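Dear colleague,

I am passing on the structure that follows, and below it you will find notes on what came out of going through it. Please read them with the model open beside you.

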Protein chains: 4
Amino acid sequence: MSHTTLQKKKLIARVSRLKGQMEAVERALEAERPCGEILQLLASVRGALTGLTGEVLDDHLREHVLNAEDDAARAEAVEEISEVLRTYIR
Amino acid sequence: MSHTTLQKKKLIARVSRLKGQMEAVERALEAERPCGEILQLLASVRGALTGLTGEVLDDHLREHVLNAEDDAARAEAVEEISEVLRTYIR
Amino acid sequence: MSHTTLQKKKLIARVSRLKGQMEAVERALEAERPCGEILQLLASVRGALTGLTGEVLDDHLREHVLNAEDDAARAEAVEEISEVLRTYIR
Amino acid sequence: MSHTTLQKKKLIARVSRLKGQMEAVERALEAERPCGEILQLLASVRGALTGLTGEVLDDHLREHVLNAEDDAARAEAVEEISEVLRTYIR
C-alpha cells in the first residue's frame, strides 16, 4: 500500500485545511480587505502547500524509490521525482 | 480603490480555480491514486498559487508603493512587501 | 549615496566569502569528493546567495523606493524590483 | 566512477563561470554601479547556480539512487537528496 494511501486520512485533513486557507483568501477578497492582508494569506497558503509537498516528496523518495518493489517501479518513481524537482529547482 | 478590490472578480475566479485544484488533490487521495499523480497535482497547485501571488505582489508594488496616497501609506505598503519577500527569498 | 555604495565594504566581503564557497565546490570536484558533499556545498552557496540577495533587495526597497529622490527615481527602482521578483516568484 | 567525477571537467567549467559572475558582482560593487544592476547580477548568479544544482541533483538521483551499487549506497544517496530537498522545498 502506498504512503499516500497509508496516510490518506492525515493528508486529506491537510488538504482540506489548505482549502480552508484558500477560502479565507476568497472571503478577504469579497470583503475588500486590505491587499497587505491578502498577500499575507497567500504567503501562508504557500507555506502550508510547500510543507505538504515536501513531506509527500520525501515519503515518495523512501517508499517508492528506496523500498521499490522492483527496478521498474523504482525507475518510474525516480522519473516522477525528477519531474517535480524541475518545477521547484529552477 | 485598491487593486485587489478593482480586480476582485478576476482574483476571486482565480482563487476558486485554485480551490478546484485542491479538490482534485483531495479526490485523488480519496481514490488512492498513484503518489506520482498526487505529486504532479500538488506541483500544479504551487504553480498557480505562485503566479497569483506574483501578480498581486507586483500590483501592490505599483498601486500602494509607486502610487501611494501619502508617505505613511507608502511606508506601510513597503513593510508588507518586505514581509512577504522574506517568506519567498530564503 | 546608494545603499550598495554605503555598505560597499560589507557587501564585497560577503561576495568574496561566496566566491570562497564556490572555490570549495571547485576543490571538491577536483578532488573527486563524494557527490553528496558537492550537493551540500552547492546548497550552502545557495543559502548564502539568497541571504545576500534578500538583504540587497530589502535595502533597495527602502532606499530607492520608500526614500526615492523623486517620482522618476522611484518608478525606476520599482521596475528593478519587479524584474528581480519575477526571477524569484515563479 | 560517480557522475561528478565523470563530468568533472564540465562541472568545474560551470563552477568557474559562476565564480566569474560573482567577480562581476564584486567589480560592480567596487565601481559603485547602480543597485539595480547589482540586483540583476545577483539574480543571474542565482539562475546559474540553480541550473547547476538541479542537474547535479538529477544525476545523483539516477546514478546513486536508481543505479546504486547496493541497498546501503542507495539509502545513503536517498538521505543526501532528502537533505538537499529540505533546503529547497521550504
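**Contacts between chain B and chain A**

Between chain B and chain A there are 10 residue pairs in polar contact, counting pairs in which both residues have pLDDT 80 or more. Please keep in mind throughout that this is a predicted model. On the side of chain B that touches chain A, the elements giving two or more residues are helix 1 (3-6), helix 2 (8-30), helix 3 (35-66) and helix 4 (71-88) of chain B, and the largest share, 16 residues, comes from helix 3 of chain B.

As for charged pairs, six salt bridges are counted between chain B and chain A. One of the residues involved is B:Lys19, which forms a salt bridge with A:Glu23, where the closest N and O atoms are 3.5 Å apart.

Taken as a whole, the interface brings 40 residues of chain B into contact with 40 residues of chain A. The two chains bury about 3,900 Å² between them, and 70% of that area is on carbon and sulfur atoms. Within chain B, the residues that lose the most area to chain A are B:Met22, B:Leu39 and B:Arg46, which together make up 18% of what that side buries.

**How the two copies are related**

Chain B is superposed on chain A by a rotation of 180° with 0.0 Å of shift along its axis, at an RMSD of 0.0 Å, and that is the relation of a two-fold axis. The same surface serves both copies, since 100% of the contact residues of chain B recur in chain A. B:Lys19, the residue already named for its salt bridge with A:Glu23, is the residue of chain B that comes closest to the rotation axis, with its C-alpha at 3.0 Å.

**A:Arg33 and the cysteines**

A:Arg33 sits in the loop between helix 2 (8-30) and helix 3 (35-66) of chain A, and with a relative accessible area of 38% it is partly exposed. Leaving aside residues up to four places away in sequence, A:Arg33 touches A:Ala28, A:Ile38 and, across in the other chain, B:Thr4. The side chain of A:Arg33 also makes a polar contact with the side chain of A:Glu37, at 2.9 Å.

Regarding cysteines, A:Cys35 counts as buried at 3% relative accessibility, and C:Cys35 is likewise buried, with a relative accessible area of 2%. With sulfur atoms required to lie within 2.5 Å, the count over all chains comes to zero disulfides.

With best regards

Terms used: Residues numbered from 1 in each chain as written. Chains lettered and ligands numbered in written order. Heavy atoms only, no water. Buried < 20%, exposed > 50% of the residue type's maximum accessible area, 1.4 Å probe, protein only. Least-squares fit on C-alpha atoms with pLDDT ≥ 70 in both. Contact = heavy atoms within 4.5 Å. Buried area = accessible area lost by both parts, 1.4 Å probe. Salt bridge = Lys/Arg side-chain N within 4 Å of Asp/Glu carboxyl O. Polar contact = N/O pair within 3.5 Å; in protein donor to acceptor, adjacent residues only side chain to side chain. Helix = DSSP H or I, 4+ residues; strand = E, 2+ residues; numbered from the N terminus.
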